[in-house]
Amino acid sequence: MTETTYAKGLEGVIAAESEICRIDGVGGKLYYRGYSIEDLARHSSFEETTYLLLYEKLPTADELADFTARMRGSRELKPPVQAMVRDFPPAGLPMELLQSVIAYLSGTVEHQIRHSATCNCRRTMHQIAQLSTVLATYQRFREGRPYLPSRPDLSSGANFLYLLRGEEPSEQEGRIMDTALVLHAEHGFNASTFTARVVAATFSTCYCSVSAAIGALAGFLHGGANERVMDMVDEIGSIDNIEPWLDKTLAAHGKVMGMGHRVYKAKDPRAIVMEQMLLDLCEQRGDRRLYDFLKKIEAGFRKRMEEKDKPIYPNVDFFSGAVYSMLGIPRDLFTPIFAASRASGWLAHILEQRKDNRLYRPRALYVGPEPRAWVPLNERA
Ligand SMILES: CC(C)(COP(=O)(O)OP(=O)(O)OC[C@H]1O[C@@H](n2cnc3c(N)ncnc32)[C@H](O)[C@@H]1OP(=O)(O)O)[C@@H](O)C(=O)NCCC(=O)NCCS
(Lines give C-alpha, C1' and ligand atoms only; values in the text may rest on other atoms or scores of the structure.)
Protein backbone atom coordinates (compact mmCIF):
# COMPACT_ATOMS: atom_id res chain seq x y z
CA MET A 1 0.00 0.00 0.00
CA THR A 2 1.34 3.46 -0.83
CA GLU A 3 0.65 6.76 0.89
CA THR A 4 -1.33 7.91 -2.15
CA THR A 5 -4.22 5.68 -0.97
CA TYR A 6 -4.94 8.07 1.91
CA ALA A 7 -8.69 8.79 2.28
CA LYS A 8 -9.70 11.17 5.03
CA GLY A 9 -12.17 9.53 7.41
CA LEU A 10 -11.59 6.28 5.44
CA GLU A 11 -14.17 7.58 2.97
CA GLY A 12 -14.68 5.07 0.15
CA VAL A 13 -12.23 2.61 1.70
CA ILE A 14 -13.42 -1.00 1.77
CA ALA A 15 -12.22 -2.34 5.12
CA ALA A 16 -13.82 -5.81 5.17
CA GLU A 17 -16.18 -8.14 3.37
CA SER A 18 -19.62 -8.41 4.92
CA GLU A 19 -22.76 -10.45 4.26
CA ILE A 20 -24.94 -8.52 6.70
CA CYS A 21 -26.15 -5.29 5.16
CA ARG A 22 -26.46 -4.01 1.62
CA ILE A 23 -27.11 -0.35 0.99
CA ASP A 24 -27.83 1.05 -2.46
CA GLY A 25 -27.40 4.74 -1.80
CA VAL A 26 -28.34 5.86 -5.30
CA GLY A 27 -31.41 3.65 -5.58
CA GLY A 28 -32.46 4.27 -1.94
CA LYS A 29 -32.49 0.57 -1.02
CA LEU A 30 -31.53 -1.22 2.19
CA TYR A 31 -31.36 -4.97 2.84
CA TYR A 32 -30.50 -7.00 5.93
CA ARG A 33 -29.05 -10.33 4.77
CA GLY A 34 -30.85 -9.92 1.45
CA TYR A 35 -34.27 -9.02 2.85
CA SER A 36 -35.53 -5.53 1.98
CA ILE A 37 -36.17 -3.08 4.80
CA GLU A 38 -39.71 -2.65 3.45
CA ASP A 39 -40.41 -6.39 3.86
CA LEU A 40 -38.79 -6.46 7.29
CA ALA A 41 -40.79 -3.42 8.42
CA ARG A 42 -44.01 -4.92 7.11
CA HIS A 43 -43.62 -8.55 8.17
CA SER A 44 -40.93 -8.90 10.83
CA SER A 45 -40.49 -8.07 14.50
CA PHE A 46 -37.39 -6.76 16.28
CA GLU A 47 -36.84 -10.20 17.80
CA GLU A 48 -37.10 -11.98 14.45
CA THR A 49 -34.86 -9.39 12.79
CA THR A 50 -32.32 -9.88 15.57
CA TYR A 51 -32.42 -13.64 14.93
CA LEU A 52 -31.88 -12.98 11.21
CA LEU A 53 -28.88 -10.76 11.93
CA LEU A 54 -27.28 -13.14 14.44
CA TYR A 55 -28.08 -16.51 12.82
CA GLU A 56 -27.80 -15.46 9.15
CA LYS A 57 -31.25 -16.79 8.19
CA LEU A 58 -34.92 -16.30 8.98
CA PRO A 59 -36.00 -18.58 11.85
CA THR A 60 -38.51 -21.41 11.55
CA ALA A 61 -41.60 -21.07 13.76
CA ASP A 62 -39.98 -23.22 16.48
CA GLU A 63 -36.69 -21.35 16.31
CA LEU A 64 -38.50 -18.03 16.54
CA ALA A 65 -40.58 -19.19 19.51
CA ASP A 66 -37.45 -20.39 21.31
CA PHE A 67 -35.43 -17.27 20.50
CA THR A 68 -38.28 -14.95 21.48
CA ALA A 69 -38.72 -16.76 24.81
CA ARG A 70 -34.98 -16.42 25.50
CA MET A 71 -34.93 -12.72 24.56
CA ARG A 72 -37.98 -11.97 26.71
CA GLY A 73 -36.54 -14.04 29.54
CA SER A 74 -33.46 -11.81 29.50
CA ARG A 75 -35.29 -8.48 29.91
CA GLU A 76 -35.50 -8.23 33.69
CA LEU A 77 -32.91 -6.06 35.47
CA LYS A 78 -31.21 -7.70 38.45
CA PRO A 79 -31.30 -5.65 41.70
CA PRO A 80 -27.68 -4.39 41.29
CA VAL A 81 -28.51 -3.09 37.80
CA GLN A 82 -31.66 -1.44 39.13
CA ALA A 83 -29.49 0.19 41.80
CA MET A 84 -27.02 1.29 39.14
CA VAL A 85 -29.82 2.93 37.17
CA ARG A 86 -31.29 4.53 40.30
CA ASP A 87 -27.97 5.88 41.54
CA PHE A 88 -26.60 7.02 38.20
CA PRO A 89 -25.29 10.59 38.64
CA PRO A 90 -27.93 13.09 37.49
CA ALA A 91 -25.38 14.78 35.22
CA GLY A 92 -24.57 11.44 33.58
CA LEU A 93 -26.02 10.74 30.14
CA PRO A 94 -28.21 7.72 29.33
CA MET A 95 -25.63 6.57 26.75
CA GLU A 96 -23.04 6.45 29.54
CA LEU A 97 -25.50 4.50 31.66
CA LEU A 98 -25.86 1.94 28.86
CA GLN A 99 -22.08 1.56 28.72
CA SER A 100 -21.99 1.02 32.50
CA VAL A 101 -24.69 -1.65 32.32
CA ILE A 102 -22.87 -3.46 29.51
CA ALA A 103 -19.72 -3.49 31.65
CA TYR A 104 -21.72 -4.87 34.58
CA LEU A 105 -23.33 -7.58 32.43
CA SER A 106 -19.89 -8.65 31.28
CA GLY A 107 -19.03 -9.46 34.87
CA THR A 108 -22.08 -11.72 35.19
CA VAL A 109 -20.94 -14.07 32.43
CA GLU A 110 -18.48 -16.88 33.01
CA HIS A 111 -14.94 -16.10 31.99
CA GLN A 112 -14.69 -18.91 29.44
CA ILE A 113 -17.86 -17.79 27.64
CA ARG A 114 -16.79 -14.17 27.61
CA HIS A 115 -13.35 -14.95 26.24
CA SER A 116 -14.11 -17.91 23.97
CA ALA A 117 -12.86 -17.63 20.40
CA THR A 118 -16.37 -17.37 19.01
CA CYS A 119 -17.19 -14.89 21.79
CA ASN A 120 -20.66 -16.42 22.22
CA CYS A 121 -22.49 -13.26 21.29
CA ARG A 122 -25.55 -15.36 20.55
CA ARG A 123 -25.59 -16.68 24.11
CA THR A 124 -25.08 -13.25 25.63
CA MET A 125 -28.15 -11.69 24.06
CA HIS A 126 -29.07 -10.10 27.39
CA GLN A 127 -27.00 -7.20 26.03
CA ILE A 128 -29.77 -6.58 23.51
CA ALA A 129 -32.74 -7.53 25.68
CA GLN A 130 -31.76 -5.42 28.68
CA LEU A 131 -30.86 -2.13 27.01
CA SER A 132 -34.42 -0.99 26.39
CA THR A 133 -35.43 -2.12 29.90
CA VAL A 134 -32.60 0.00 31.28
CA LEU A 135 -33.82 3.04 29.36
CA ALA A 136 -37.46 2.68 30.36
CA THR A 137 -36.44 2.04 33.99
CA TYR A 138 -34.14 5.08 33.93
CA GLN A 139 -37.10 7.19 32.84
CA ARG A 140 -39.35 5.65 35.50
CA PHE A 141 -36.84 6.27 38.27
CA ARG A 142 -36.22 9.88 37.32
CA GLU A 143 -39.98 10.43 37.49
CA GLY A 144 -39.97 8.84 40.95
CA ARG A 145 -41.82 5.70 39.84
CA PRO A 146 -40.88 2.17 40.97
CA TYR A 147 -39.31 -0.64 38.97
CA LEU A 148 -41.84 -2.37 36.74
CA PRO A 149 -41.29 -5.96 35.54
CA SER A 150 -41.57 -6.58 31.81
CA ARG A 151 -44.52 -8.27 30.14
CA PRO A 152 -43.41 -11.46 28.35
CA ASP A 153 -46.52 -11.39 26.15
CA LEU A 154 -45.44 -8.08 24.57
CA SER A 155 -43.03 -7.46 21.69
CA SER A 156 -39.79 -5.56 22.35
CA GLY A 157 -41.34 -2.31 21.13
CA ALA A 158 -44.65 -2.70 22.97
CA ASN A 159 -42.89 -3.76 26.16
CA PHE A 160 -40.66 -0.67 26.03
CA LEU A 161 -43.71 1.59 25.83
CA TYR A 162 -45.44 -0.42 28.54
CA LEU A 163 -42.50 0.06 30.93
CA LEU A 164 -42.25 3.73 30.08
CA ARG A 165 -45.93 4.44 30.66
CA GLY A 166 -46.97 1.79 33.15
CA GLU A 167 -49.83 0.81 30.91
CA GLU A 168 -50.10 -1.27 27.79
CA PRO A 169 -49.81 0.74 24.55
CA SER A 170 -52.32 0.28 21.77
CA GLU A 171 -51.55 -2.44 19.25
CA GLN A 172 -50.72 0.22 16.67
CA GLU A 173 -48.30 2.04 18.99
CA GLY A 174 -46.57 -1.20 20.00
CA ARG A 175 -46.18 -2.20 16.38
CA ILE A 176 -44.82 1.23 15.41
CA MET A 177 -42.24 1.15 18.22
CA ASP A 178 -41.19 -2.38 17.31
CA THR A 179 -40.84 -1.41 13.65
CA ALA A 180 -38.72 1.60 14.63
CA LEU A 181 -36.35 -0.87 16.33
CA VAL A 182 -36.28 -3.00 13.16
CA LEU A 183 -35.45 0.07 11.04
CA HIS A 184 -32.45 0.94 13.22
CA ALA A 185 -31.07 -2.55 13.84
CA GLU A 186 -28.38 -2.46 11.18
CA HIS A 187 -26.76 -0.07 8.70
CA GLY A 188 -23.44 -1.31 7.40
CA PHE A 189 -20.00 0.05 8.19
CA ASN A 190 -20.91 3.27 9.98
CA ALA A 191 -18.70 4.70 12.76
CA SER A 192 -20.17 2.70 15.66
CA THR A 193 -20.30 -0.61 13.78
CA PHE A 194 -16.76 -0.13 12.54
CA THR A 195 -15.74 0.64 16.13
CA ALA A 196 -17.39 -2.59 17.32
CA ARG A 197 -15.50 -4.56 14.67
CA VAL A 198 -12.16 -2.89 15.40
CA VAL A 199 -12.48 -3.80 19.08
CA ALA A 200 -13.76 -7.32 18.26
CA ALA A 201 -10.77 -7.84 15.96
CA THR A 202 -8.40 -7.55 18.93
CA PHE A 203 -10.28 -10.47 20.54
CA SER A 204 -11.48 -8.24 23.29
CA THR A 205 -14.91 -9.37 24.57
CA CYS A 206 -18.17 -8.61 22.80
CA TYR A 207 -19.07 -6.51 25.87
CA CYS A 208 -16.03 -4.27 25.28
CA SER A 209 -16.98 -4.08 21.59
CA VAL A 210 -20.59 -3.07 22.26
CA SER A 211 -19.57 -0.60 24.93
CA ALA A 212 -17.09 1.03 22.52
CA ALA A 213 -19.77 1.15 19.82
CA ILE A 214 -22.15 2.92 22.21
CA GLY A 215 -19.36 5.44 22.84
CA ALA A 216 -19.02 6.06 19.10
CA LEU A 217 -22.77 6.48 18.68
CA ALA A 218 -22.89 8.99 21.53
CA GLY A 219 -21.16 11.65 19.43
CA PHE A 220 -23.49 14.12 17.72
CA LEU A 221 -22.09 13.47 14.25
CA HIS A 222 -23.43 9.91 14.42
CA GLY A 223 -26.46 9.73 16.73
CA GLY A 224 -28.78 12.51 17.73
CA ALA A 225 -30.05 14.10 14.51
CA ASN A 226 -33.67 13.20 15.36
CA GLU A 227 -33.33 15.05 18.66
CA ARG A 228 -32.08 18.06 16.77
CA VAL A 229 -34.95 17.82 14.27
CA MET A 230 -37.35 18.29 17.17
CA ASP A 231 -35.23 21.17 18.52
CA MET A 232 -35.48 22.70 15.04
CA VAL A 233 -39.28 22.31 15.05
CA ASP A 234 -39.36 24.13 18.41
CA GLU A 235 -37.03 26.85 17.13
CA ILE A 236 -39.15 27.48 14.02
CA GLY A 237 -42.19 27.64 16.27
CA SER A 238 -45.03 28.27 13.83
CA ILE A 239 -45.87 26.99 10.37
CA ASP A 240 -45.79 30.57 9.03
CA ASN A 241 -42.18 30.90 10.10
CA ILE A 242 -40.96 27.89 8.07
CA GLU A 243 -40.22 29.75 4.82
CA PRO A 244 -38.45 32.73 6.47
CA TRP A 245 -36.52 30.33 8.74
CA LEU A 246 -35.34 28.27 5.75
CA ASP A 247 -34.25 31.43 3.90
CA LYS A 248 -32.33 32.68 6.92
CA THR A 249 -30.75 29.32 7.78
CA LEU A 250 -29.65 28.44 4.26
CA ALA A 251 -28.35 31.97 3.59
CA ALA A 252 -26.12 31.51 6.63
CA HIS A 253 -25.00 28.07 5.29
CA GLY A 254 -26.78 26.37 8.19
CA LYS A 255 -27.98 22.78 8.05
CA VAL A 256 -31.57 21.58 8.05
CA MET A 257 -31.57 18.65 10.42
CA GLY A 258 -32.79 15.30 9.17
CA MET A 259 -32.04 16.20 5.54
CA GLY A 260 -29.28 14.61 3.49
CA HIS A 261 -27.20 11.52 4.04
CA ARG A 262 -23.61 10.44 3.42
CA VAL A 263 -24.70 7.25 1.69
CA TYR A 264 -28.25 7.81 0.41
CA LYS A 265 -28.50 10.13 -2.53
CA ALA A 266 -32.20 9.25 -2.85
CA LYS A 267 -34.86 9.21 -0.12
CA ASP A 268 -33.67 7.04 2.76
CA PRO A 269 -35.96 3.96 2.55
CA ARG A 270 -36.28 3.97 6.34
CA ALA A 271 -37.60 7.55 6.13
CA ILE A 272 -40.41 6.37 3.85
CA VAL A 273 -41.53 3.77 6.42
CA MET A 274 -41.09 6.19 9.32
CA GLU A 275 -43.06 8.92 7.53
CA GLN A 276 -45.99 6.56 7.00
CA MET A 277 -45.90 5.55 10.68
CA LEU A 278 -45.96 9.22 11.69
CA LEU A 279 -48.92 9.86 9.40
CA ASP A 280 -50.73 6.79 10.80
CA LEU A 281 -50.16 7.98 14.37
CA CYS A 282 -51.30 11.52 13.55
CA GLU A 283 -54.44 10.32 11.78
CA GLN A 284 -55.27 7.91 14.55
CA ARG A 285 -55.12 10.82 16.99
CA GLY A 286 -56.95 13.18 14.66
CA ASP A 287 -54.12 15.73 14.73
CA ARG A 288 -51.89 16.10 11.66
CA ARG A 289 -50.15 19.28 12.78
CA LEU A 290 -46.69 17.79 13.40
CA TYR A 291 -46.80 15.78 10.17
CA ASP A 292 -47.88 18.80 8.12
CA PHE A 293 -45.20 20.93 9.79
CA LEU A 294 -42.43 18.49 8.82
CA LYS A 295 -43.76 18.06 5.29
CA LYS A 296 -43.73 21.83 4.82
CA ILE A 297 -40.10 22.00 5.96
CA GLU A 298 -39.24 19.15 3.59
CA ALA A 299 -40.99 20.76 0.62
CA GLY A 300 -39.47 24.20 1.25
CA PHE A 301 -35.97 22.79 1.74
CA ARG A 302 -36.07 20.49 -1.27
CA LYS A 303 -37.38 23.26 -3.53
CA ARG A 304 -34.54 25.54 -2.51
CA MET A 305 -31.90 22.81 -2.92
CA GLU A 306 -33.29 21.72 -6.31
CA GLU A 307 -33.06 25.31 -7.52
CA LYS A 308 -29.34 25.01 -6.78
CA ASP A 309 -29.30 21.60 -8.53
CA LYS A 310 -28.65 19.81 -5.23
CA PRO A 311 -31.36 17.20 -4.70
CA ILE A 312 -31.31 16.41 -0.97
CA TYR A 313 -33.87 14.09 0.63
CA PRO A 314 -35.02 13.38 4.18
CA ASN A 315 -33.22 10.71 6.18
CA VAL A 316 -34.82 8.46 8.81
CA ASP A 317 -34.12 11.00 11.56
CA PHE A 318 -36.36 13.58 9.93
CA PHE A 319 -39.46 11.62 10.96
CA SER A 320 -38.29 9.36 13.80
CA GLY A 321 -38.05 12.12 16.42
CA ALA A 322 -41.65 13.12 15.70
CA VAL A 323 -42.80 9.48 15.97
CA TYR A 324 -40.99 9.06 19.29
CA SER A 325 -42.36 12.36 20.60
CA MET A 326 -45.90 11.31 19.73
CA LEU A 327 -45.29 8.05 21.58
CA GLY A 328 -44.38 10.11 24.66
CA ILE A 329 -40.65 9.33 24.66
CA PRO A 330 -38.37 12.05 26.07
CA ARG A 331 -35.84 13.51 23.63
CA ASP A 332 -32.73 12.46 25.49
CA LEU A 333 -33.75 8.81 25.02
CA PHE A 334 -33.85 9.00 21.20
CA THR A 335 -30.17 8.13 20.65
CA PRO A 336 -30.11 5.53 23.45
CA ILE A 337 -33.08 3.82 21.74
CA PHE A 338 -30.99 3.79 18.57
CA ALA A 339 -28.22 2.05 20.57
CA ALA A 340 -30.65 -0.47 22.07
CA SER A 341 -31.77 -1.40 18.57
CA ARG A 342 -28.36 -1.27 16.87
CA ALA A 343 -26.91 -3.67 19.48
CA SER A 344 -28.33 -6.44 17.25
CA GLY A 345 -26.36 -5.24 14.26
CA TRP A 346 -23.22 -4.67 16.32
CA LEU A 347 -23.33 -8.24 17.64
CA ALA A 348 -23.87 -9.62 14.12
CA HIS A 349 -20.80 -7.70 12.95
CA ILE A 350 -18.75 -8.87 15.93
CA LEU A 351 -19.63 -12.49 15.06
CA GLU A 352 -18.77 -11.91 11.42
CA GLN A 353 -15.48 -10.24 12.30
CA ARG A 354 -14.49 -13.19 14.46
CA LYS A 355 -15.27 -15.72 11.71
CA ASP A 356 -12.43 -14.53 9.51
CA ASN A 357 -10.51 -12.18 11.72
CA ARG A 358 -7.74 -9.79 10.86
CA LEU A 359 -6.58 -7.14 13.28
CA TYR A 360 -7.33 -3.64 11.94
CA ARG A 361 -4.09 -1.73 11.62
CA PRO A 362 -4.26 1.23 9.22
CA ARG A 363 -1.42 3.72 9.02
CA ALA A 364 -1.35 7.50 9.27
CA LEU A 365 0.25 9.69 6.64
CA TYR A 366 2.94 11.37 8.71
CA VAL A 367 2.93 15.15 8.22
CA GLY A 368 4.82 16.12 11.40
CA PRO A 369 8.27 17.70 11.75
CA GLU A 370 11.39 16.21 10.22
CA PRO A 371 13.78 14.57 12.73
CA ARG A 372 15.32 17.37 14.82
CA ALA A 373 17.80 17.98 17.65
CA TRP A 374 16.70 17.65 21.30
CA VAL A 375 16.37 21.06 23.06
CA PRO A 376 17.41 21.12 26.75
CA LEU A 377 14.76 22.56 29.10
CA ASN A 378 16.72 25.75 29.91
CA GLU A 379 17.16 26.59 26.21
CA ARG A 380 13.46 26.46 25.28
CA ALA A 381 11.67 29.71 24.53
C1 LIG B 1 -25.57 13.96 6.55
C2 LIG B 1 -24.71 15.07 5.94
C3 LIG B 1 -23.51 15.35 6.85
C4 LIG B 1 -24.22 14.62 4.57
O5 LIG B 1 -23.47 15.68 4.05
P6 LIG B 1 -22.75 15.59 2.64
O7 LIG B 1 -22.16 14.23 2.46
O8 LIG B 1 -21.87 16.77 2.52
O9 LIG B 1 -23.99 15.70 1.65
P10 LIG B 1 -23.96 16.09 0.13
O11 LIG B 1 -22.59 15.91 -0.46
O12 LIG B 1 -25.09 15.36 -0.52
O13 LIG B 1 -24.30 17.63 0.16
C14 LIG B 1 -24.43 18.38 -1.02
C15 LIG B 1 -24.62 19.83 -0.65
O16 LIG B 1 -25.85 19.98 0.06
C17 LIG B 1 -25.64 20.58 1.32
N18 LIG B 1 -26.47 19.93 2.32
C19 LIG B 1 -26.54 18.59 2.56
N20 LIG B 1 -27.37 18.36 3.56
C21 LIG B 1 -27.83 19.55 3.97
C22 LIG B 1 -28.71 19.95 4.99
N23 LIG B 1 -29.28 19.06 5.79
N24 LIG B 1 -28.97 21.25 5.14
C25 LIG B 1 -28.40 22.16 4.33
N26 LIG B 1 -27.53 21.85 3.34
C27 LIG B 1 -27.26 20.56 3.17
C28 LIG B 1 -24.17 20.30 1.61
O29 LIG B 1 -23.65 21.26 2.51
C30 LIG B 1 -23.55 20.40 0.25
O31 LIG B 1 -23.42 21.79 -0.07
P32 LIG B 1 -22.13 22.30 -0.90
O33 LIG B 1 -22.27 21.67 -2.25
O34 LIG B 1 -22.31 23.79 -0.91
O35 LIG B 1 -20.92 21.84 -0.15
C36 LIG B 1 -25.55 16.34 5.75
O37 LIG B 1 -26.58 16.08 4.84
C38 LIG B 1 -26.11 16.91 7.04
O39 LIG B 1 -25.38 17.55 7.80
N40 LIG B 1 -27.43 16.69 7.32
C41 LIG B 1 -28.07 17.21 8.50
C42 LIG B 1 -27.74 16.37 9.73
C43 LIG B 1 -28.45 15.05 9.71
O44 LIG B 1 -29.63 14.93 9.47
N45 LIG B 1 -27.68 14.00 10.01
C46 LIG B 1 -28.20 12.65 10.11
C47 LIG B 1 -27.70 11.80 9.02
S48 LIG B 1 -28.42 10.17 9.19
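Me: How far is an oxygen atom of the ligand from an N or O atom in the side chain of lysine 255?

Reply: A polar contact is a pair of N or O atoms within 3.5 Å; within protein, one must be able to donate a hydrogen and the other to accept it, and residues adjacent in sequence count only if both atoms are side-chain atoms. For lysine 255 the distance to a ligand oxygen is 3.5 Å, for arginine 262 the corresponding distance is 2.7 Å, and for lysine 265 a polar side-chain atom lies 3.2 Å from an oxygen of the ligand. The protein buries 65% of the 870 Å² that the ligand exposes when taken alone, with areas from the Shrake-Rupley method and a 1.4 Å probe. This is a predicted model, in which local features need pLDDT of at least 70 and side-chain atom pairs count only at pLDDT 80 or more, while totals for chains, interfaces and linings use all residues. Residues are numbered from 1 along each chain as its sequence is written, and side-chain values use heavy atoms, leaving out hydrogens and water.

Me: Which residues of helix α13 are buried?

Reply: Buried means under 20% relative accessible area and exposed over 50%, with partly exposed in between (1.4 Å probe, protein chains only). In α13 (residues 242-251), Ile242, Trp245, Leu246, Thr249 and Leu250 are buried. Seen down the helix axis, these buried residues fall within an arc of 115 degrees, taken from the directions from the axis to the C-beta atoms, so they line one face of α13. Lys248 and Ala251 are exposed on the other side of α13.

Definitions and conventions: Helices (H or I, at least four residues) and strands (E, at least two) are DSSP runs, numbered from the N terminus.
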